[in-house]
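Q: Could you walk me through how to read a fold, starting from the order of its secondary-structure elements?

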Amino acid sequence: MKDNRNKNKKTDDRDNAFIEKVLFINRTTKVTKGGKNLGFSALVVVGDGVSSAGFALGKANEVADAIKKGISKARKQVVLINKKGTSIPHKIIGKFSAAGILLKPAAKGTGVIACAPVRAVCECAGIKDILTKNLKNTTNPVNVVKATFQGLMSLIGGEKGLKGYKK
């Protein structure tokens, strides 16, 4: 007799190869007539560690659910990032809202010189050597990640911005 219990389980090595990093978890509270309603949002970056990465903001009533939503959204929004060796091909400035990020190629062995949100994006995208500078005085990790992706996506030459996001 055949054992068909594992027939419906799908395993995909491509999904397991993603690097997942949770950058920021925010707690929000809505005060209503009946009391306080807690909510959470999680900023997540995923990438294959070679040449593609994506990010998303997941929102839910529990932290674990927000992270799961963020990871599943980020996997759907993965973009290919143009690299030259272990760095980027040329200097670029990524801008989004009040955030501005300068991304410069670096010599092999330099490492990732960046703030935490930019570092996570670069590690997920497989960029090993890069110099970065936060040009505007913003510490909002969501806008910093969006500015970084805007800069990295403009290296491709085709897409000039993030779909669905205003500048």
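A: Read along the sequence, the protein chain runs α-β-β-β-α-β-β-β-β-α-β-α, which amounts to four helices and eight strands. Here helices (H or I, at least four residues) and strands (E, at least two) are DSSP runs, numbered from the N terminus. This is a predicted model, in which local features need pLDDT of at least 70 and side-chain atom pairs count only at pLDDT 80 or more, while totals for chains, interfaces and linings use all residues. Residues are numbered from 1 along each chain as its sequence is written, and side-chain values use heavy atoms, with hydrogens and water left out.

Q: What share of the 167 residues in the protein chain is buried?

A: Burial is read from relative accessible area: buried means under 20%, exposed over 50%, and partly exposed in between, using a 1.4 Å probe and protein chains only. By that rule, 40% of the 167 residues in the protein chain are buried.

Q: Why is helix H3 described as largely enclosed by the rest of the structure?

A: Helix H3 covers residues 116-125, and seven of its ten residues are buried, so the rest of the structure largely encloses it. The buried residues in H3 are Pro117, Val118, Ala120, Val121, Cys122, Cys124 and Ala125. After H3 comes glycine 126, which has a positive phi, near 85°.

Q: Which strands does E3 pair with?

A: Two strands pair if DSSP finds at least two bridges between them. Strand E2 (residues 35-47) is joined to E3 by eight bridges and runs antiparallel to it, with valine 46 standing opposite glycine 54 in E3. The E2 and E3 hairpin has four residues between the strands, and in it glycine 49 takes a positive phi near 80°. E3 is also joined by two bridges to strand E4 (residues 79-80), again in antiparallel fashion, and here alanine 53 stands opposite valine 79 in E4. Strand E3 itself (residues 52-60) is mostly covered, since seven of its nine residues are buried.

Q: Is lysine 104 buried, partly exposed or exposed, and which residues is it in contact with beyond its neighbours within four places in sequence?

A: Lysine 104 lies in strand E6 (residues 99-105) and is partly exposed, with a relative accessible area of 36%. Contact means heavy atoms within 4.5 Å; leaving aside neighbours within four places in sequence, lysine 104 is in contact with Ile88, Lys91, Ile130 and Leu131. The C-alpha atoms of lysine 104 and isoleucine 92, twelve residues apart along the chain, are separated by 6.6 Å.
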